[in-house]
Amino acid sequence: MKKPFAITLDVGSSLANKTGSWRTERPMYVDRLPPCNASCPSGENIQRWLFLAEEGDYEGAWREIMVNNPLPAIMGRVCYHPCEGGCNRAQLDHPVGIHAVERFLGDEAIRRGWRVEVGSPPTGKRVLIVGAGPSGLSCAYHLARMGHGVTILEAGPMAGGMMRFAIPKYRLPREIVDAEIQRIVEMGVEIRLNQKVTDLEATRREGGYDAVFLAVGAHIAKRAYLPAGDATKILDALSLLREAERGEQVLLGRRVLIYGGGNTALDAARSAKRLGAAETIVVYRRTRERMPAHDEEVREALDEGVMFRWLTTIKGEQGGSFQVEKMALDGEGRPQPTGEFDTIEADALVLALGQDVDLSFLGSVPGLAVEDGVVRVGRDMMTGCRGVFAGGDMVPAERTVTVAVGHGKKAARNIDAFLSDTTYTAPEKHELATFDRINTWYYADAPRTMQVTLERARRESTFEEVVQGLEESNALFEARRCLSCGNCFECDNCFGVCPDNAISKLGRHNRYGINYDYCKGCGLCAAECPCGAIRMEPEST
Amino acid sequence: MEAATNGQTVGPARVRFYQTGTFTVGNRLLDVSVQSVQSDPRRNNSLNSGHRACQGCGEALGARYALDAAMRATKNRIVVANATGCLEVFSTPYPESSWRVPWLHSLFGNAPAVATGIAAALKVKGKDDVRVVAQGGDGGTVDIGFGCLSGMFERNDDVLYICYDNEAYMNTGVQRSSATPAGAKTNTTPGVGEEPGNVFGQGKSVPLIAMAHGIPYVATASVADLRDLEYKVQKAMGLHGARYIHVHVPCPLGWGSAPSDTIRVARLAIESGLFPVFEAEWGEVTGRRRIRDLVPAQAYLEAQGRFRHLFGKHPDTRRIAWIQDIANRNIRRFGLLDEGVQS
């Protein structure tokens with residue numbers, strides 16, 4: 001070939017120069033565990049469903065929730081959202097209102113009639129579930145999706161358990177509960193109401209069940225001995241809530257005392273207000289900070305005019321007047337009597353001192369161990385009796401709907417493994433996506449969307465839902481506040497900032513690829529990744 | 001942030017209420033028409049892989065950002081003249097070339113004159129759809145090529161000149177240029193003695209000098225703000241006559257910063273006020289990029305080895321304060337903290 005003057009080599013592209021050989025560290029795409037997911041008792045992949053929701057793919061987002069939790073509309077209302085407590089965005093402005101978006105998605109699903117199909121062929125196995133509360137329903141849903149036959153025996157007249165009989169309507173409207181339960185029933189789960197199991201072994205044998213999941217909840221109110229006359233009405237919080245639920249006339253009088261400091265105490269206090277009590281006073285032996293009730297509930301109760309007497313115990317009653325003693329916290333934060341007494345006039349006293357589990361039907365189950373009034377289970381949720389699993393309020397754990405739903409899922413996975421004679425091993429958890437991995441520069445300022453609350457006058461007299469849902473526009477906004485901690489959200493930063501064009505886009509939802517022929521390992525992609533989804537790893541020599 | 005009330009937009013379109021706004025390179029929630037050039041999988045990659053720039057090179061990044069934007073703005077009709085410097089050396093070791101644009105190199109000091117010649121030749125040939133871009137580092141632009149550049153400006157030749165400013169002669173081993181900032185250590189301004197680092201009170205601002213020529217468009221930009229950079233290149237390609245864009249590009253080698261810190265360092269320069277980002281038309285400042293998260297100059301200085309002699313056991317508080325004064329002056333002079341200014 002004839003070359004121009006002084007040119008001896010063919011002209012070529014620099015692509016011949018593989019600069020990847022310079023590299024001492026290589027970037028790797030990773031998925032880290034977002035703190036919301038890490039703190040969700042139901043094990044939802046929150047980051048993932050927010051990712052879909054922020055694209056406006058509400059059905060996709062809802063289906064992602066349904067992978068782990070069959071009750072999004074309920075959960076978005078009653079879950080105490082530990083996810084938001086973990087949210088990294090709190091360190092930037094405010095946590096993402098995850099519960100509000102979940103509720104929006106759950107309501108959207110009900111409105112549009114989205115259904116879940118049973119994903120697997122029938123296995124021919126049959127599982128008995130005792131109790132149609134959140135834990136039992138969750139377990140039934142997951143087992144049904146795996147192709148197992150499920151029968152739930154429920155002692156009460158309606159399914160829902162404590163979601164129906166302990167959580168008041170103003171927090172959880174019943175049509176929501178009905179709709180989400182109905183969806184599970186339509187998947188082929190049989191719920192038999194008014195079927196109290198009295199002898200588990202017999203029921204299991206007669207029905208020919210291959211496995212059992214116990215989820216009876218805790219609904220025997222704890223009592224305290226109080227010397228009292230006949231003039232005053234004393235009842236427990238669960239009966240009050242149950243009667244209110246059934247629409248029965250509850251005569252409480254003008255002034256009602258609630259004794260206890262848990263969520264049930266506040267539900268009872270707020271319900272008493274709605275049932276006509278002019279004054280409700282929560283009497284609790286410790287301080288607000290040490291109250292087991294969630295702060296949000298305390299705040300809403302205060303908004304509604306519920307009064308509190310901290311550091312106080314009730315000693316007895318005489319002629320419509322309660323004798324109370326002032327308490328003081330000792331060095332370890334425990335309340336100690338001070339010997340100072342006082343009296344409070346009241347027409348009724350509601351005891352909200354906690355609940356016990358009715359374990360009488362477990363009498364003859366071999367191997368099943370009970371400790372501190374709850375059933376002992378292993379890491380696989382199995383009791384001491386082979387094939388009998390338990391979850392929810394009747395096993396040692398925090399007693400919330402979300403924990404119960406999580407137990408149901410976990411038990412279902414282990415029951416499924418048990419039915420095929422294997423063991424379930426949970427996939428390894430990713431490393432936590434901590435706040436220091438977030439490159440906060442890239443996130444626009446966006447304060448949290450507030451949910452509208454019902455005005456006070458209506459809250460004091462009716463059982464209408466207090467907290468309203470989000471509209472689509474602000475649910476979308478709220479979803480888009482997610483930082484997507486530790487999981488790529490396809491912002492193109494790595495693709496853009498690579499000085500060596502070593503990163504390529506693989507198309508929507510397929511993320512990116514790295515061409516190690518040219519990547520020099522500068523680490524710009526990792527440093528400028530907003531959410532910390534790229535890790536630099538030393539090259540092996 | 002939003003369109004100015006007088007109907008003129010004062011910067012690139014910014015979208016509110018999305019997860020990351022437009023701070024990231026892309027945003028999957030945005031319509032394709034408002035996405036950045038760099039987020040486009042079919043972008044030109046004007047500077048191809050295999051170039052020999054150091055790891056984390058700000059100049060290589062800046063050149064691709066700018067030329068890809070120019071290519072899109074002209075539907076791939078540009079010719080590029082390149083001054084001698086890192087950019088030329090690392091991209092074209094004989095017989096390889098990393099350029100995916102018509103590109104030619106002549107001497108260290110004459111890129112503006114070469115570009116003027118190309119523009120004249122295109123005019124003679126009647127090819128008015130082909131546009132000319134000249135580019136160089138700070139050495140080729142503010143020192144060696146300065147006479148040619150000023151001539152190109154005063155004649156208002158139809159050329160966009162882009163200077164990638166890494167604040168010293170990096171290619172030859174980090175020697176001071178007239179763009180080296182006060183106090184910075186280079187191999188000709190060592191960080192020792194009575195007056196360590198580059199002498200205070202020297203150097204010049206070529207963007208301001210360019211404005212003094214009264215040319216149609218002058219802008220400063222940074223690799224730390226892609227959307228702003230692309231907006232300015234696109235705007236410049238929509239105008240005729242002499243135009244000048246001065247892009248701040250950190251050099252990990254010469255600045256003693258981590259290769260992974262290139263964008264962070266450039267961002268700190270903007271956010272401290274030490275590198276004011278603005279644009280000017282016909283000699284008047286018409287827009288500035290507002291500081292979003294003000295940081296002290298010290299945060300910028302500490303990220304770089306070339307200012308290390310100011311810190312340590314006995315910090316040189318006097319010189320640090322002088323540098324802060326420079327930042328404060330920029331903030332005041334360009335209104336970098338003013339309300340109602342785009343950020």
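In chain A, the axes of helix α7 (residues 134-145) and helix α14 (residues 401-419) come within 7 Å and cross at roughly 35°. Axes here are lines fitted to C-alpha atoms, for helices over the stretch in contact, with angles running from 0 to 180 degrees between N-to-C directions. Helices (H or I, at least four residues) and strands (E, at least two) are DSSP runs, numbered from the N terminus.

As for who touches whom, α7(A) brings P134(A), S135(A), S138(A), C139(A), H142(A) and L143(A), and they meet a set from α14(A) including V401(A), A404(A), V405(A), G408(A) and I415(A). Contact means heavy atoms within 4.5 Å. By class, this contact has nine nonpolar, five polar and two charged residues. Ala, Val, Leu, Ile, Met, Phe, Trp, Tyr, Cys and Pro count as nonpolar, Asp, Glu, Lys and Arg as charged, and the others, Gly among them, as polar.

## About the model

This is a predicted model, so to speak of local features takes a pLDDT of at least 70, side-chain atom pairs count only at pLDDT 80 or more, and totals for chains, interfaces and linings use all residues. Residues are numbered from 1 along each chain as its sequence is written, chains are lettered from A and ligands numbered from 1 in the order in which they are written, and side-chain values use heavy atoms, with hydrogens and water left out.

## Chain A in outline

Chain A has 18 helices and 22 strands. Its C-alpha atoms fill a box of roughly 120 × 55 × 50 Å along the principal axes. Of the 541 residues in chain A, 56% are buried; buried means under 20% relative accessible area, exposed over 50%, and partly exposed in between (1.4 Å probe, protein chains only). Take the contacts in chain A between residues at least 6 apart in sequence: 71% of them join residues at least 24 apart.

## α3 against α6

Helix α3 (residues 58-66) and helix α6 (residues 98-112) of chain A have axes that come within 10 Å and cross at roughly 105°. That makes α3(A) roughly perpendicular to α6(A), a label for angles of 65 to 115 degrees (under 35 is roughly parallel, over 145 roughly antiparallel, the rest oblique). On the α3(A) side the contact uses Y58(A), A61(A), W62(A) and I65(A), and on the α6(A) side E102(A), F104(A), L105(A), G106(A) and A109(A). By class, that contact has seven nonpolar, one polar and one charged residues.

## Helix α10 of chain A

In α10(A), residues 200-207, the buried positions are L200(A), A202(A), T203(A) and R204(A). These buried residues pack against four strands of chain A: β3 (126-130), β4 (149-153), β6 (211-214) and β19 (388-390).

Both ends have something to look at. At the start, a side-chain oxygen of D199(A) reaches to within 3.3 Å of the backbone nitrogen of E201(A). Just after the helix, G208(A) takes a positive phi of about 65°.

D93(A) is in the loop between α5 (82-86) and α6 of chain A, and counts as partly exposed at 25% relative accessibility. Setting aside neighbours within four places in sequence, D93(A) is in contact with A446(A), P447(A) and R481(A). With R481(A), the link is a side-chain to side-chain polar contact at 2.9 Å. A polar contact is a pair of N or O atoms within 3.5 Å; within protein, one must be able to donate a hydrogen and the other to accept it, and residues adjacent in sequence count only if both atoms are side-chain atoms.

E537(A) sits in strand β22 (residues 534-538) and is partly exposed, at 27% relative accessibility. Its side chain makes a polar contact with the side chain of R535(A) (3.2 Å). Leaving aside neighbours within four places in sequence, E537(A) is in contact with T24(A), E25(A), R26(A) and M28(A).

## Loops in chain B

R290(B) lies in the loop between β9 (284-288) and α10 (297-302) of chain B. At 18% relative accessibility, R290(B) counts as buried, and its side chain reaches the backbone oxygen of L337(B) at 3.2 Å. W282(B), in the loop between β8 (278-281) and β9, counts as exposed at 57% relative accessibility. Phi of W282(B) is near 50°, a positive value in a residue other than glycine.

There's also a cis peptide bond joining Y94(B) and P95(B), with omega about 5°. P95(B) lies in the loop between α2 (86-91) and β2 (96-97) of chain B.
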